[in-house]
Every structure is written in structure tokens, then in C-alpha cells.
Amino acid sequence: MSTGVTTPGASDAERAAFRAGPVDEQSRVRLAATGLDYRRVSVDGEDYAPWLQSVARGFQDGERSEEQIAASRERSGYRRLTGVYDPAAPVAEAPVATIASWLGELTVPGGAAIASCAISAVTVAPTHRRRGVARAMLEGELRAAHAAGIPMAMLTVSESTLYGRYGFAPAASGASWRIETRRAAWIGPRPDGRIDFIPRERLRSLAPALHERVRLRSAGEIDVPGGHWDSFAGTTPTAEKAGEKRAIQYTDASGEVRGLAVYAVRENHDDFTKGTVAVHYLLAETPDAYAALWRFLLELDLVAEVRAEELAVDEPLLWMIADQRAATVTIRDHQYVRVLDVASALEARRYGGPGRIALDVADPLGIADGRYLLDADADGAARVTRVEGSPDGVDTVALGIVELSAVLLGGVSLATLHAAGRVTTADPLAASRLFGWPTAPRLSFWY
Ligand SMILES: CC(C)(COP(=O)(O)OP(=O)(O)OC[C@H]1O[C@@H](n2cnc3c(N)ncnc32)[C@H](O)[C@@H]1OP(=O)(O)O)[C@@H](O)C(=O)NCCC(=O)NCCS
């Protein structure tokens, strides 16, 4: 399929410029008025270690060792780090609040990747909570991204209720699977290729290129920052329980590696036939690789249960086992996104057919509100223009920035949001057909 849509991804120069950019002035002034200093942190400087310790404390983790700090510093070059400091505190060099972000790429329906500001490491010390510090940082980072011309923001969350107030919506759900292996019974394909154990270092070296080849197929996926591969593979000196991780590859009949998986087996000392497998990461470039890797995991001896997290809500795996009730699937909000530039974000994706619709977007932060006309052609490519007034003969969907962000990746339909009282439109089904997408969005990891 020709896309006809340019991929407005993120170049290295744009990533570096965003990383080096200043903090948002409005939030700096607001925090300064309460006696707090909002400033950028350098990965290479002396302020990095106290920043990292504050992040660890914020997530109720232990103190970081020198070795862990060094390993983290080495893998953090891609991030823009910011801290909030209290000059009156006894340890004034330790930030009382932290945030990190970077310019990444988010896949949208149709196979394009759009530049998107990823946000993580949001913490506020218990000594400084509920005074608006998190709000100042989040709004600040969104304004900084918007000022840099970045059309989207995204994050994964520890608590679901925190980010809707800034316009973020759960846009790609994650499915957690627990599969009773004896009950499942494999009925899927049995491909000709081979599965082999490989050193974790080999998986670490193969995974980035393989992921680059598949990430544009699934809306919701993002480019994986390098250091994350070390976490999946357990290939840093500071990785915990790395030795428990087993790595395998699937090679097709022509000798190409098409799939990788990392998993760990936990023995059951009460009954050695009932071990548990945790699948840490599974990456498949072809349907054969997907089937072969899952079959291998489900047919391991001495294993009664296989667990996997952050799967799609429409995994083909469900149709590869004889007894679907062997799988207990729990669905949870996972990838959150926030539209910052309506026209760029909506033009990047494809639509379910030709059609015209007006979108009346409300944004409490004043970043993306306005009325937009979306005009999709027969190939599903759209032109989106900002308009004044109501265009003649075109249905209007009135919605908030959260609802617009929720439907961007195709994870929920406008008809569902209409039924939930979250959007207003005369013809919810027509709007849904336009925004609908045949496969569910997914994000395969946390960041
Ligand atoms: C969650 C956290 C960042 C909030 O920081 P904070 O500075 O106390 O938040 P603010 O005072 O700026 O509050 C901002 C808004 O969030 C709300 N809020 C704050 N914490 C909340 C919580 N745990 N649950 C629900 N709402 C919360 C506030 O009521 C406020 O709402 P409003 O502005 O719409 O009136 C902080 O408590 C924290 O660091 N927690 C532990 C780490 C963590 O969970 N980080 C999030 C990672 S995804």
C-alpha cells in the first residue's frame, strides 16, 4: 500500500535541540513565586547523582549505588532532565521534584511515526506534595514540547488518575495474560524454521534492528531508547537476577532471524511439574516467528503457567490455542497520549475511508483548542485545517482534548465515547467509521 503520507518523525538534530532546550518560563516563574528553583539537570554534571536519587526515592525504590549511578548516567544521554530545588532545604542539591522527557516517535494508524515528547521520572517529594509542583512541571514540559513544534506527548503511568487533567488519554491498552499451558493445547501453525538458545548479549545486539523493522506496524509503539534493551536483556552489570533470563531466537528457513524472546522460569518447589514462565519480551517480525516462539513457550516441560504483560488486546495467540479459557486476560490502560498540534497529529494517521468531519476541540490548557475540518480521501489520507464557524453540510463532533487523544490510535471508537457521554455528535457511527482502525494499538513495554 502506498502511504501518500510523509512520516513526520524526529530527526537526530530535532532530538538534540529539544534535549538542550530551556525550561518553560511560565512554570519557572510560578515555582519561583513559591520559593522553588526549576532548572535543567546535566547528565554529565554533579547534579545528576542527586537527581537520580530523588527519582529513586520518589518511586519508593532504594538508594542507588555508585555503580548504578554510573550505569544510569551512561544510558541517559537521550533524556532532557529537569529538577525542582528548594534552596531552604538542608540538602539543597537534592531536587524535591523531578521530570525527564525526550523526543521520540509514536506509530499512528497507517504505519507513519509522528514526533512525540515522551515523559517519565515524574516525582514530587512527600515533603513538597500537593502544592502544585507536579502540575507546574507537567504543564511546563507540555508547553516546552509545543513551543519546539512537537505535535504529541506520551507517557506510561503508575496511577491512572494523574494525567487526564493535563489532556492525556489512555490510548493503547495493555493485556496481561496468564495461560494454563496444559489446558491451552496448541492448534496454531507449526512453522519450518528453528528455535535456538542464544546468549543474552546476542539478543541485545539483534533486538534494536528487529524492533525498528516491526514498530511501524502497530499503532502505539514507540522507538525504544537504547538503555531499555539492556533492561529487557539483563545486559548491564547492575541488572538484577539477569542470570535467570533465557534468550531464544527464531530463524526462518532462509536463515534470517525473524523473532526473539526473553523469558525466565520460576521453579515450583512443591510440585516440580508446575513451574511458571514469565515472558519478559517477545518480538516477532513474521507470523511464523510469532507462532513458533509462542508454541515453544507454551510447550515447555515442567511449566504449568505462562505469564506475559503488555500484549495487544487482539493477540492472534488467542486463536492458536484450543481452549480460550486457558488464558486469563486482564486489560488495563497503558500507553497515554496527548495531542499538542491537532492538524499535524491527525494528518499523520490514516482513516477508515473517505469522509469529512468537523471537530470542535476543547483544551483546558489552551494548547490545542479550536475547530478543525478533517477531509479524508479514498485512500484514507486526510487534510486537516483550522476553520472558523461551522462548515456547511458537515457533521460536527464536539469533544475535549482527552477524547481526541483517546481516539487517535484507534483504541476506542467515537461511538463508544458518545455512548459514554464523552463526545457530542449527530452521527456517532459515521464518525467512528472514519476514525476506526482494524487492529488494536499496542505498546510492548513501559518507559
Ligand atoms: C503523583 C505526584 C507526582 C503528584 O505530585 P504533586 O506535586 O503532589 O501534585 P500537584 O500538587 O501538582 O497536583 C496536581 C493535581 O494532581 C492531583 N493529584 C496529585 N496526586 C494525586 C494522586 N495520587 N491521585 C490523584 N490525583 C492526584 C491533585 O489533586 C491536583 O489536582 P488539580 O490540579 O486538578 O486540582 C506525587 O505525589 C508523586 O511523586 N508520587 C509518587 C511518584 C509517582 O507516582 N509519580 C507518577 C509517575 S507516573
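Y48 and W51 are both buried in this predicted model. Both residues belong to helix 3, which spans residues 48–58. They sit three residues apart, about one turn of the helix.

Now look at their rings. A pair of aromatic rings is described by the distance of the centres and the angle of the planes. By the pairing rule, the structure holds 13 aromatic pairs. In the pair Y48 and W51, the ring centres are 6.1 Å apart and the planes meet at 25°. Planes under 30 degrees apart count as stacked. The pair of Y48 and W51 is therefore stacked.

Where do W229 and Y281 lie in the chain? W229 is in helix 8, residues 226–233, while Y281 is in strand 10, residues 275–284. The two residues are 52 residues apart, and their pair links distant parts of the chain. W229 is buried, and Y281 is buried as well.

W229 and Y281 belong to a cluster linked by ring pairs. The cluster also includes Y78, W102, F232, F445 and Y447.

Rings can have charged neighbours too. Which ring does the charged end of R39 sit over? It is the ring of Y85, with the charged end of R39 at 3.7 Å from the ring centre. Another arginine, R80, lies over the face of F18. For R80, the distance to the ring centre of F18 is 4.8 Å.

Definitions and conventions
Residues numbered from 1 in each chain as written. Predicted model: local features only at pLDDT ≥ 70, side-chain atom pairs only at ≥ 80, totals over all residues. Heavy atoms only, no water. Phe/Tyr/Trp six-rings, centres within 6.5 Å; stacked < 30°, edge-to-face > 60°. Helix = DSSP H or I, 4+ residues; strand = E, 2+ residues; numbered from the N terminus. Buried < 20%, exposed > 50% of the residue type's maximum accessible area, 1.4 Å probe, protein only. Lys NZ or Arg CZ within 6 Å of the ring centre and 35° of its normal.
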